[in-house]
Amino acid sequence: MDKVYLDNAATTPLAEEVIDAMVGTMKMNFGNPSSTHSFGQEAKILIENVRRQVADYLHVSPAEIIFTSCGTESNNMIIKSSVEHLGVERIISSPLEHKCVSESILDMKSRKGVEVNYIRPNEKGDIDLAKLEELLKASDKKTLVSLMHANNEIGNIINLKQVAQLCKEHHALFHSDTVQTMAHMNLDFSDIPVDFASCSAHKFHGPKGAGFAFIRKATGLKGIITGGPQERSLRAGTENVCGIVGLGKALELSLNHMEDYTHHMQDIKDYAIERLSAEIEGIKFNGRSAEKENSLYTVLSALLPYKNPLIGLQLDMKGIAISQGSACSSGASKPSMVMMMVLSEDEMDHCTPLRISFSHMTTKAEIDTLVNALKEISSDYTIEKTNVEHR
Ligand code: PLP
């Protein structure tokens with residue numbers, strides 16, 4: 001059975017070129033980058049080349065790129081250090097954030113007494129910027145705004161520049177979790193006054209265990225992992241040299257092919273929307289997922305008009321990997337906060353969300369396989385023509 005992988009928002013397969021670059025580094029460049037001899041210095045040069053490459057991509061200074069182990073670490077570092085070292089007393093965020101952001105914020109609330117204000121999104125998953133401005137004006141406390149660039153479950157994209165400018169006008173620091181957009185879009189941080197951002201290499205065909213934090217120098221953010229002076233003392237610990245090389249190679253491939261990849265994935269997403277709408281009676285799409293504007297081309301969030309908490313397992317048994325988005329009110333998984341925000345209570349009780357996410361390797365034949373499998377599964381259900389209200 002040929003397997004079909006449609007869970008690229010969770011992670012992507014490694015590109016062959018990335019594997020080759022990493023294996024070459026593992027074989028040839030085992031030196032510790034902090035060592036002053038040639039073995040160390042050769043490894044150090046590899047890291048600094050990737051740092052420069054990332055900085056060029058974002059139009060920032062290499063000193064503003066700090067390599068970490070993943071998106072989770074980058075987001076933890078930014079949020080916790082903003083409170084511990086920059087005197088942030090209030091955080092404005094939203095219930096749509098990834099757990100590594102929301103849990104870091106809750107940790108700062110419980111351990112450091114930080115005030116937290118949430119902006120509740122509307123039923124499409126949009127964040128109201130007028131509400132953000134109102135909150136920014138409402139307090140003189142030193143504030144960090146943390147809003148993700150693109151949502152990993154529904155794919156909604158915020159206007160990063162507009163949010164960053166608003167935060168700047170009101171003297172608030174701005175952090176954006178850019179894990180789903182780094183290397184998928186052109187980002188110019190010389191034009192967008194964001195203070196902090198995050199990246200994870202495994203979201204764009206790079207390795208797991210490698211990421212970076214963008215830290216605007218003027219903020220003076222400090223690290224939270226202490227030890228040696230690696231990463232300009234912002235992140236102690238011997239660097240993951242082959243992981244960083246893999247990140248660099250994956251970024252290079254993404255940037256070289258960005259136009260083709262974007263076009264291909266948008267085409268695949270359009271095809272998936274068209275086929276699913278035609279073949280699965282009553283299917284709907286969540287958030288801004290089915291729209292071209294303000295929606296990430298890698299993610300399609302669908303809603304099946306019947307309750308089937310086992311659908312992920314059933315598809316897996318047919319060789320198809322998707323993520324469920326888990327809005328189930330029964331079964332093993334808890335409802336996802338994002339689904340709770342964009343679905344009505346009726347939908348939460350009677351429907352099944354599916355997150356289908358693409359890469360440049362996804363084919364239309366794979367979408368056909370998914371559609372056929374869903375048709376087969378759906379035929380076991382009578383679609384009750386109840387008036388399940390779609391938000
Ligand atoms: N932020 C978002 C939006 C994500 O989608 C993910 C991964 O799923 C993360 C952060 C965490 O990244 P990592 O897996 O590198 O820890």
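Predicted model: local features only at pLDDT ≥ 70, side-chain atom pairs only at ≥ 80, totals over all residues.

1. The largest cavity has a lining of 15 residues, and those nearest its centre are Ala-183, His-184, Ser-254, Tyr-261 and Met-265.

2. In total, the structure contains 2 cavities of 30 Å³ or more.

3. A separate matter is the largest pocket, which holds about 870 Å³ of space. Its lining comprises 38 residues, and Glu-97, His-98, Lys-99, Ser-102 and Glu-153 are the ones nearest the centre of the pocket.

4. The lining of the largest pocket consists of 15 nonpolar, 15 polar and 8 charged residues. At least two lining residues come from each of helix 3, helix 4 (99-112) and helix 10 (337-342). Which helix gives the most to this lining? Helix 4 does, with 5 residues.

5. Where does the ligand sit? The ligand is placed in the largest pocket. Its surroundings are made up of 14 residues, the closest being Thr-72, Asp-177, Gln-180, Ser-200 and Lys-203.

6. The shell around the ligand contains 4 nonpolar, 8 polar and 2 charged residues. Helix 3 (residues 71-86) is the element that gives the most to this shell, with 3 residues. Helix 3 is also among the helices that supply at least two residues to the lining of the largest pocket.

7. In the side chain of Asp-177, an N or O atom lies 2.6 Å from a nitrogen atom of the ligand. In the side chain of Ser-200, an N or O atom lies 2.5 Å from an oxygen atom of the ligand. For His-202, a polar side-chain atom is found 2.9 Å from an oxygen atom of the ligand.

8. How much of the ligand does the protein bury? The ligand taken alone exposes 390 Å², and 87% of that is buried by the protein.

9. For the record, two regions should be kept apart in any discussion. The ligand belongs to the largest pocket, whereas Ala-183 and His-184 are among the residues nearest the centre of the largest cavity.

Methods. Residues numbered from 1 in each chain as written. Heavy atoms only, no water. Near = heavy atom within 4 Å. Polar contact = N/O pair within 3.5 Å; in protein donor to acceptor, adjacent residues only side chain to side chain. Areas by Shrake-Rupley, 256 points an atom, 1.4 Å probe, with all protein chains shown as cover. 1 Å grid on protein atoms, 1.4 Å probe; cavity = no way out; pocket = protein on both sides within 12 Å on 5 of 7 lines; lining within 4 Å. Sits in = over half its atoms within 2 Å of the grid points. Helix = DSSP H or I, 4+ residues; strand = E, 2+ residues; numbered from the N terminus. Nonpolar A, V, L, I, M, F, W, Y, C, P; charged D, E, K, R; others polar. Points joined across faces, edges and corners; volume = space filled by probe spheres on them.
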